[in-house]
Amino acid sequence: MGALVVGGGISGIACASALSAAGVEVTVKDRGRRIGGRMASRTLRDSATPFDGRPVDIGASYFTARDPEFVAVVDALVERDVVRPWTTSFHVAGPGGIEGVTTGPMRYAAPRGLRSVVEALVEESVAVESEAIVDNVTVAGGQPLIDGVAHDAAALCMPVPQARRVHADVPDSPITWEPVIAVTCVFDERSWLEFDGVFVNDDPVLTWIADDGRRRGDDAPVLVAHVHPVLSAGHLTDPSGVIPEALATLRRVLGTDALPIWVDAHRWTYAKPLAAHPEPFWMHSEGPIGVAGDLWADGPRVEAAWLSGHALGRALGAAVGEQTPPER
Ligand SMILES: Cc1cc2nc3c(=O)[nH]c(=O)nc-3n(C[C@H](O)[C@H](O)[C@H](O)COP(=O)(O)OP(=O)(O)OC[C@H]3O[C@@H](n4cnc5c(N)ncnc54)[C@H](O)[C@@H]3O)c2cc1C
């Protein structure tokens, strides 16, 4: 029967790896055309720019690594050239434009886009099915039934509001999720001061601008701006309606008159939870069914999603697997 992981974001892939390490046959199903979830890279096509075929990161901007187990995973990905240390410094802007620079931990990016990180983490022993929606998980006699088919274990690795649509027993959480609209702007040349990313403070339109060319390392004149959650919430049914305001703010903050040659807006209804649940995952009391993702394990970050998925996979593996996973 094996285990089914629903969701091919980084938490689902981490969960699948841990289940597989425990000797469990595991399949991942994701409703998207490709796995990656919110570590999403859109490949430009038919853009009438020189950048067709180039991926742009339209979800997570970067990630950090602090936990020793995740640090080891990231180090191995750097070794394989899947991940690159990007920067420790971002600019900070206020209503009047750029005000300074702030320094923090190393932010990691991926030359082929962040989706490639998730794809690179899929173990050979794990089967992945994309464009595969799971509608309903129930528990009967201590065993998960997934769309009517019995499995040894089920892991729902996705935002809790999405998991609750699939499995009615997942408890509601008071933690709200904020939306983000990501606006991608392709220019014909660079016409702004050098920066990696800009935190835009106290602005009702934008919160963040990333230089995707510097992030990916090819210096393409591509910027990705994130729209303020309140403004995003008002445009969930017409994401492109926010483009004029987003562009005006981006040009003002960066002090450039340049207009992009291609623009697109992508909506994330459940972009980030506003707080973290103290537990690493949720587990059903009546059977091996769990929920993981960036709501748990000190989220809302890529690292938290990996840690949560990994912890759930180990717990499910210990419950139904052939071998006891080593202690953390
Ligand atoms: C705009 C934005 C900016 C961000 N910036 C950062 C950042 O700078 N740094 C950082 O660390 N994090 C950032 N994050 C957060 C980060 O992307 C997430 O924490 C992480 O990717 C979550 O991974 P996940 O596997 O838990 O969930 P997801 O990536 O959301 O994966 C869930 C998967 O489940 C699938 N799915 C859902 N329902 C079903 C179903 N019924 N059947 C089949 N499949 C289903 C979805 O298709 C999806 O692929 C950002 C997120 C967004 C949206």
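The model is predicted, so local features need pLDDT of at least 70 and side-chain atom pairs count only at pLDDT 80 or more, while totals for chains, interfaces and linings use all residues. Residues are numbered from 1 along each chain as its sequence is written. The protein has eight helices and 18 strands. Helices (H or I, at least four residues) and strands (E, at least two) are DSSP runs, numbered from the N terminus.

**Overall form**

- The radius of gyration of the protein is 20 Å, close to the 20 Å from the globule rule for 328 residues, so the protein is as compact as a globular protein of that length. This radius is taken over C-alpha atoms, and the globule rule is 2.2 Å times the number of residues to the power 0.38.
- The C-alpha trace spans about 65 × 40 × 40 Å along its principal axes.
- Of the 328 residues in the protein, 48% are buried. A residue is buried if 20 or more other C-beta atoms lie within 10 Å of its own, exposed if 12 or fewer, and partly exposed in between, with C-beta atoms placed from the backbone.
- Among contacts between residues at least 6 apart in sequence, 68% join residues at least 24 apart. Two residues are in contact if their C-beta atoms, placed from the backbone, lie within 7 Å.

**Strands and sheets**

- Two strands pair if DSSP finds at least two bridges between them.
- Six strands form an open sheet with mixed pairing, in the order β7-β2-β1-β11-β18-β17. Its edge strands, β7 and β17 (282-283), each pair on one side only.
- Within this sheet, β1 (residues 3-6) and β2 (residues 26-29) pair in the parallel sense over four bridges. V28 in β2 is the bridge partner of V5.
- Another open sheet has three strands in the order β8-β9-β10, with antiparallel pairing. The edge strands here are β8 (137-140) and β10 (149-150), and each pairs on one side only.
- β9 (residues 143-146) pairs with β10 in the antiparallel sense over two bridges, and A150 in β10 is the bridge partner of L145.
- β5 (residues 84-94) and β6 (residues 97-109) pair in the antiparallel sense over nine bridges. They form a hairpin with two residues between them.

- In soluble globular proteins, nonpolar side chains tend to be buried together.
- The largest nonpolar core has 98 residues, and the members that touch the most others are A3, V5, V6, C15, A155, L156 and A225. Helix α8 (residues 302-320) gives the largest share of this core, 10 residues. Such a core is a set of buried Ala, Val, Leu, Ile, Met, Phe, Trp, Tyr and Cys residues joined through C-beta atoms within 7 Å.
- Leaving out residues up to four places away in sequence, L156 touches V6, G7, V137, A163, V166, H167 and V291.

**Around the ligand**

- The ligand is surrounded by 38 residues, of which G7, G9, G37, G293 and D294 are the closest. The elements that give two or more residues to this shell are α1 (10-21), α4 (160-166), β12 (177-186), β16 (262-273) and α8.
- The shell divides into 19 nonpolar, 12 polar and seven charged residues. Ala, Val, Leu, Ile, Met, Phe, Trp, Tyr, Cys and Pro count as nonpolar, Asp, Glu, Lys and Arg as charged, and the others, Gly among them, as polar.

**Single residues in loops**

- Most residues other than glycine have a negative phi.
- D46 is not a glycine, yet its phi is positive, about 50°. D46 lies in the loop between β3 (41-43) and β4 (55-57), and is exposed because it has 7 other C-beta atoms within 10 Å.
- D202 also has a positive phi, near 55°. D202 lies in the loop between β13 and β14 (206-211), and counts as exposed because it has 7 C-beta neighbours inside 10 Å.
- S125 lies in the loop between α3 (115-120) and β7 (127-129). S125 counts as partly exposed because it has 14 C-beta neighbours inside 10 Å.
- S125 and V24 are 101 residues apart in sequence and 9.6 Å apart in space, C-alpha to C-alpha.

How values were computed. A residue is near a molecule or strand if its C-beta atom, placed from the backbone, lies within 6 Å of it.
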